[in-house]
Amino acid sequence: MPDIVYERIDSQNAAAQLDRFLSAYEEVYAEAPYNEGPSDVAEFIEHYAVHARRPGMRLVLASDGAEVVGFTYGYYLAPDTRWWRNLQDVTLPDDFTREDGRRTFVVIELAVRKAWRRRGVAAALHEQLTSGLNAERVTLTVRPEPEAEAARCAYESWGYRTVGTSHPWDEAPLYACMVRVRNPR
């Protein structure tokens with residue numbers, strides 16, 4: 001089996017890469033706890049087009065030969081972000097929730113196809129995504145269901161800590177919101 005190759009793509013080229021990793025997205029998110037179908041995938045495609053234009057957007061693809069086996073992407077939170085207001089069970093101080101467009105980088109997606117899990121691909125994707133960032137901290141969300149326990153444990157081992165429960169939109173499930181401090185200001 002060939003070595004996994006990682007490719008980081010910046011915002012100028014990220015939008016054009018969707019077709020390269022969409023089948024990986026469909027495969028991973030068809031699994032529990034997500035159980036996504038065609039309408040969810042169509043919604044993801046719309047959201048990705050918006051995300052790809054965000055300041056500091058980065059996409060990292062992991063490929064085994066010609067096949068994309070994992071991906072991750074994220075961007076910097078804008079000063080007017082709703083990210084912290086989505087937390088349902090905690091009130092964080094203003095100093096914590098203040099954003100300036102470079103303070104916090106958010107990991108929006110991090111996914112690895114089942115056959116390539118538990119081989120360090122997720123950790124390498126995360127490292128490629130976050131290396132060289134000029135951000136004080138990184139945040140992400142993870143589902144609370146037992147099927148996502150491995151992801152939660154990985155994030156904790158990478159230094160993330162839960163700060164609250166996020167409910168990002170009306171029909172959305174709940175997520176654990178996690179933060180990893182990188183460079184204290």
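Which backbone oxygen lies 2.8 Å from a polar atom of the side chain of R103? The points below, which concern a predicted model, begin with this residue.

1. The backbone oxygen in question is that of R98, 2.8 Å from a polar atom of the R103 side chain. R103 itself belongs to the loop that runs between helix 4 (94–97) and strand 4. Its relative accessible area is 4%, under the 20% limit, and R103 therefore counts as buried.

2. Y29 is part of helix 2. With a relative accessible area of 8%, Y29 is likewise buried. Its side chain forms a polar contact of 2.5 Å with the side chain of E109. Beyond neighbours within four places in sequence, Y29 touches Y34, N35, E36, F71, E109, L110 and A111. From Y29 to D40 there are eleven residues in sequence, and their C-alpha atoms are 9.1 Å apart.

3. The largest nonpolar core comprises 29 residues, and F21, F44, Y48, M57, L59, F71 and W84 have the most contacts inside it. Two or more of its residues come from each of helix 2 (18–29), helix 3 (38–51), strand 2 (58–64), strand 3 (67–76), strand 4 (104–112) and strand 7 (175–181). Helix 2 supplies the largest share, seven residues.

4. When neighbours within four places in sequence are set aside, F21 is in contact with F44, Y48, L59, L61, V68 and F71. Apart from this core lies another, of 23 residues, including L110, L125, L140 and Y160.

Key: Residues numbered from 1 in each chain as written. Predicted model: local features only at pLDDT ≥ 70, side-chain atom pairs only at ≥ 80, totals over all residues. Heavy atoms only, no water. Core = buried A, V, L, I, M, F, W, Y, C linked by side-chain atoms within 4.5 Å. Buried < 20%, exposed > 50% of the residue type's maximum accessible area, 1.4 Å probe, protein only. Helix = DSSP H or I, 4+ residues; strand = E, 2+ residues; numbered from the N terminus. Contact = heavy atoms within 4.5 Å. Polar contact = N/O pair within 3.5 Å; in protein donor to acceptor, adjacent residues only side chain to side chain.
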